[in-house]
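Welcome to my notebook. I jotted these entries down while looking around, and you are welcome to follow along.

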Amino acid sequence: AGPGAPMAYDAATSTVVLFGVKGGTWTWDGTTWARQHPADRPPARSNASMAYDAATSTAVLFGGDHGSVLVMGDTWTWDGTTWTRQHPAASPPVRAGAAMAYDAATGTIVLFGGDGKGYYRNDTWTWDGTTWTRQHPAVHPPGRWYPAMAYDAATSTIVLFGGSANGVYAGDTWAWNGHNWRNQRPAASPRGRWYPAMAYDAATSSIVLFGGSKSLFHVSRDTWTWDGTTWTRQYPAASPPARDDTAMAYDAATSTVVLFGGGNANGPVRGDTWIWG
């Protein structure tokens, strides 16, 4: 999911749920968006991370930032009706723009990286439905913010791509097997970028990646797929306009990947919806 306005598929309600930067909660039923009015909700923020926890049938939201000063480290869960603030015994340090995905092989949500008040984090954490646990893999990706991450059900691994640190736009691909990270070094790969959108397409057993920024002034509109071994550039007949900071999730009810919104440094913030597949 894109970190600007995070999005995840809620299997319990068969809808895609999006948490907007102004604090609004929206759901997509395959045809239209509906504004939800929960009894409680997280404070407004951007660059939060979100993933659906199939073990507890809740969407989990973590962190984000509000303006250029306040960086958050709170955890919230969405049960299809309302948000609930969680108070875990342990929690990752505050950050924005972290990557997060559900690892079906271990039944935990995995969080990596992010911006911790100017520090490019390289730590890995897992959420078991009750608390966060810091993992200590022997190998891990270099610290970064705004990468993309998705669970590859075909290989039972979480795949991480891209991000940025110290002005460098990463183009490396890493896989998490539940215990350790491994640099994949594929034969072909998208150009390095931050803020790409990524989701697993169960209909084709591949991960789909779209867009992102290749530099401060180069926003992309290319589409790539990951088959567990390498990346392949796709050339669809139609494609969303170039953008980064985009939300994307697989809608199992319609067997399509849903993309919403995004923007770029030289254009407006977008509010359009696209589907892949």
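I began with β9 and β10, which run antiparallel and are joined by five bridges. I took strands as DSSP runs (E, at least two residues; helices are H or I, at least four), numbered from the N terminus, and two strands pair if DSSP finds at least two bridges between them. Across this pairing, I found Ala99 opposite Phe112 in β10. The two strands form a hairpin with four residues between them, and Gly107 in the turn has a positive phi of about 70°.

A note on the source: this is a predicted model, where local features need pLDDT of at least 70 and side-chain atom pairs count only at pLDDT 80 or more, while totals for chains, interfaces and linings use all residues. Residues are numbered from 1 along each chain as its sequence is written, and side-chain values use heavy atoms, with hydrogens and water left out.

Next I asked how β9 is covered on its two faces. Ala99, Ala101 and Asp103 on one side are buried, and so are Met100 and Tyr102 on the other. I counted buried as under 20% relative accessible area, exposed as over 50% and partly exposed as in between, with a 1.4 Å probe and protein chains only.

The whole open sheet has four strands in the order β9-β10-β11-β12, with antiparallel pairing. β9 (99-103) and β12 (132-135) each have a single partner strand, so one side of each is left without a neighbour in the sheet. From one strand to the next, the twist averages 25°; axes here are lines fitted to C-alpha atoms (for helices over the stretch in contact), with angles from 0 to 180 degrees between N-to-C directions.

I also looked up ring pairs. How many aromatic pairs does a search of the whole structure find? It finds 17. Rings of Phe, Tyr and Trp (its six-membered ring) pair if their centres lie within 6.5 Å; planes under 30 degrees apart count as stacked, over 60 as edge-to-face and the rest as tilted. Phe19 and Trp83 have ring centres 5.6 Å apart and planes at 75°, so the pair is edge-to-face. Phe19 lies in β2 (residues 15-19) and Trp83 in β8 (residues 83-86), so the pair ties together parts 64 residues apart in sequence. Both Phe19 and Trp83 are buried.
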